[in-house]
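Please look over the sequence and the model first.

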Amino acid sequence: MYSHGSESLIKQAREIQESELQKFHSRLVKLLQGKELGHEAVDSLQRLHLILSATKYTRTLPPELQKRLQSLLSSPAEQFQVLSSAVLRETLPLSGQEVNYNQENFIQLNSHAAALQLSQAGTRADVSSLCAHLLRSLDSRQSEGPANPLAHTLPILNSVLTHSPECLTADHVTLLSKKLVDWLRYASITQGGGAPSGGFFTGPRSRQPVPIAELDGTVSGDFFTVLCVGQGFTEDQWMNVYSFSMLRHWLLTYHSVSSANNTADTDDRSEVDGSVVSMVSATSSSSRLLPPKERLREKAFQYCQRLIEQSDRKAHKRTDSDLQKACLVEAVCILDCVCGEDASLVFRTFPCIKALFGRLSSDLSFARVLLPIAQFYLNHGEMAAVDCESVWTLVFGRFPAELFNNPFLAHEFLRFLRLNVESLQLRVPQYSHSFPNLLKFLAWDSPAVVDDFVDLLPSLVTAGTAVELLHTLLDLPCLSATLVLQVRSTSLPISEPGGRGLLSLDAFRSQSFRGLFLFLLRGEAGSGDTIDRLSTLHELLAETADWPRVVQCAQTVPVLLHIYFDTVIAVADEKLLAHLVQVMLERSSLLLSIPKYNKEIHRVFSCHLLRLCKLHPSLVVDQSHELLEFAGATAKVYSKEEIYTHVVWVLGEYLSASCDSRCSVSLITSCFETLEAVLFEITSSAPPPGADCPVPRVVTSLMSALAKLASRSHDLIPRVSLFLSKLRTVTRGGPVAWCSDEEDLVAIVTRGEELWSLLKAPGVAQSVLTPPPPVTTPQWHRDTNVAMPLRLRALTNLTHSQ
């Protein structure tokens with residue numbers, strides 16, 4: 001939201017009158033004619049930009065003002081370059097004016113002018129023409145000095161490659177690939193500024209070329225790279241740096257060019273026999289025989305090999321160490337790209353990558369470098385037949401366990417998982433069993449990574465992990481609290497503002513409860529479904545229920561549970577689903593006490609309990625003992641009314657011989673007696689101290705379930721009828737203790753009278769309360785053997801106007 005002052009300025013800019021705007025344009029033209037442009041010119045340009053950008057309509061500036069603004073694009077002050085470019089991008093070009101790509105424009109080219117020219121290229125032909133002139137400028141001899149546009153050419157081409165790669169032609173690809181080869185491999189190896197040789201008469205003529213140096217200060221004995229240092233850099237050395245920065249993007253997307261590229265590439269390949277190409281690609285001395293693309297891949301391979309060698313040197317500055325890590329990430333990614341294009345490079349690259357992994361794997365400060373290495377192993381490890389066990393042990397073991405509180409690594413790591421989820425499921429057995437570790441990222445910073453886990457969770461649900469994963473999701477707030485305690489325990493003891501120490505922190509450090517917390521912090525699945533002493537753990541963590549991380553984590557659990565159940569239905573058999581029903585009933589009473597958390601979990605359980613039973617009605621018979629035990633506990637009527645209501649409904653709906661032939665009369669009678677006892681108890685006495693009156697929906701669900709069961713076993717009908725008749729008699733005497741609202745009581749009695757009336761005709765009651773599938777899911781409009789489709793068509797013709 002904008003502040004009040006900002007909204008006022010925007011409103012003024014939108015409501016400015018045309019006459020006032022023309023006067024403002026005239027004043028600005030006069031102001032820009034001056035030789036010295038000061039703060040007044042800056043303020044006026046800022047105001048003009050606000051006026052133009054505050055409305056959705058694109059305006060046209062007077063020709064004189066537009067020319068003045070275009071001249072500012074080459075101003076020595078970058079502030080005026082930025083402002084003039086921003087203003088011109090909000091306007092339409094002058095009528096009849098075309099983008100002029102002449103040599104003079106490119107001599108004065110800078111990044112802001114280039115961005116403007118790219119934005120004004122209205123068609124693919126304009127962009128292609130811009131690319132052609134940019135690439136032509138690379139071949140021409142450039143002038144020395146700050147006006148040299150080479151530094152801005154590659155970023156512009158990179159932008160084109162990002163947004164419109166189809167505008168590049170085969171000739172463009174060939175030319176730029178050749179230039180990148182020259183810049184990457186054949187840049188100068190002497191420093192650009194030169195260094196004094198000493199002496200009193202030292203001058204420009206006595207300065208001798210000084211070779212470039214490595215980050216550890218030694219003289220470089222090989223070609224120039226981004227990790228070389230010096231007092232100054234030449235133009236081709238800067239282009240070496242720019243080329244490396246866009247190399248990976250170029251390798252990934254230069255295939256998206258016009259179809260003519262395929263022909264050109266084929267012609268290039270035809271000059272050299274395929275077997276010869278594979279032979280000479282192993283030696284850099286013969287690389288000039290290769291076509292441009294293959295030659296670029298070879299030089300990129302050599303460049304990245306040199307960067308990896310340079311990264312082993314001890315840098316004198318910390319910033320240089322960070323640069324080494326960043327270049328290692330890019331180098332490994334580029335090697336991955338070139339190996340993906342040319343499989344013969346895999347066998348030349350793997351020894352280097354394997355050695356790099358062995359050198360860095362013990363130092364987690366290189367974690368962001370190790371992720372591209374893991375990507376390389378995933379993409380090419382099978383082809384090279386190498387053992388990847390140590391890589392996945394590190395990635396899925398130590399990374400989440402020790403770096404869960406590193407937000408940058410969390411982003412990179414989860415992105416790696418999302419991009420490779422299918423490959424990880426097929427090739428990495430540790431992946432699906434590492435969810436206790438992976439969920440630590442979610443437990444620590446739920447808002448930042450919940451979107452990633454929405455995509456990843458289905459891949460973690462398998463028949464072997466489903467039960468343990470469900471327990472782990474329910475205990476996610478406990479894991480969040482435990483991670484906070486783990487971080488705090490490494491620092492000084494933390495006390496509350498009142499001076500009282502955290503009991504949960506003391507428990508975390510205590511050996512008596514160490515096993516409970518170690519189970520939550522386990523690294524992989526398989527050590528057990530859940531904790532035996534969950535209630536004890538919840539008591540220890542009771543004071544953490546209002547911690548921000550714990551509360552945020554608890555808010556994500558219902559979302560993930562919905563995704564979990566949507567997935568588990570597709571991978572689980574009935575035996576596993578029956579186990580999950582049992583887990584839902586048990587865990588409904590074993591949750592960390594967080595405001596609103598328990599009710600949300602009960603709502604999710606209720607939704608998916610109905611769904612599971614509807615798909616597999618036999619689950620009700622399989623789990624009848626557990627369901628009846630749950631439904632027979634009167635206390636749950638007052639504390640878990642949501643899930644209790646649905647359990648009662650499921651029993652009344654699916655405990656039928658039509659759903660499962662194993663459903664006997666004795667089972668129906670047992671269920672009837674259990675529900676009857678609960679209904680009698682809650683309607684004959686006041687609620688327990690501290691509890692509210694039972695929800696009317698619970699009472700009506702119990703009555704409906706009893707009526708359904710009685711309609712299937714007619715011997716039970718008198719017992720239900722007797723209760724319903726007594727219920728009507730009792731309520732005539734005035735208010736009752738178990739229902740405080742008169743409207744609710746009327747609704748309950750009305751439902752009772754409806755059921756009582758139905759049960760007077762048992763045959764009708766059964767067809768109404770338990771209708772057969774053809775009635776609940778009719779298909780008459782599709783059945784050609786009945787007259788219904790004909791009648792529907794006749795009625796449609798009558799009702800539709802002719």
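The buried residues of α18 pack against α16, α17, α19 (407-419), α20 (421-427), α21 (430-433) and α22 (435-444). Contact here means heavy atoms within 4.5 Å. Helices (H or I, at least four residues) are DSSP runs, numbered from the N terminus. This is a predicted model: local features need pLDDT of at least 70, side-chain atom pairs count only at pLDDT 80 or more, and totals for chains, interfaces and linings use all residues. Residues are numbered from 1 along each chain as its sequence is written, and side-chain values use heavy atoms, with hydrogens and water left out.

**Helix α18**
- The buried residues of α18 are V391, W392, L394, V395, F396, F399, P400 and L403. Buried means under 20% relative accessible area, exposed over 50%, partly exposed in between (1.4 Å probe, protein chains only).
- Helix α18 (residues 389-403) has 15 residues and should span 21 Å at 1.5 Å a residue; its end C-alpha atoms are 20 Å apart, which agrees. The expected span is 1.5 Å times one less than the number of residues.

**Loop residue S361**
- S361 sits in the loop between α16 (346-360) and α17 (367-384).
- S361 counts as buried because its relative accessibility is 19%.
- Leaving aside residues up to four places away in sequence, S361 touches L370, L394 and R398.

**Helix pair α24 and α29**
- Helix α24 (residues 466-474) packs with helix α29 (residues 548-571) at an angle of about 170 degrees, and their axes are 10 Å apart. Axes are lines fitted to C-alpha atoms, for helices over the stretch in contact, and angles run from 0 to 180 degrees between N-to-C directions.
- α24 and α29 are therefore roughly antiparallel to each other (angles over 145 degrees).
- From α24, A466, V467, L469, L470, L473 and L474 meet V557, L560, L561, Y564, F565 and V568 of α29.
- By class, this contact of α24 with α29 has twelve nonpolar, no polar and no charged residues. Ala, Val, Leu, Ile, Met, Phe, Trp, Tyr, Cys and Pro count as nonpolar, Asp, Glu, Lys and Arg as charged, and the others, Gly among them, as polar.

**Cysteines**
- The structure holds zero disulfides, a disulfide being a pair of cysteine sulfur atoms within 2.5 Å.
- The sulfur of C333 is 7.0 Å from the closest cysteine sulfur, in C337, so it is too far for a bond.
- C333 is buried, at 17% relative accessible area.

Methods. Helix = DSSP H or I, 4+ residues; strand = E, 2+ residues; numbered from the N terminus. Parallel < 35°, antiparallel > 145°, perpendicular 65-115°, else oblique.
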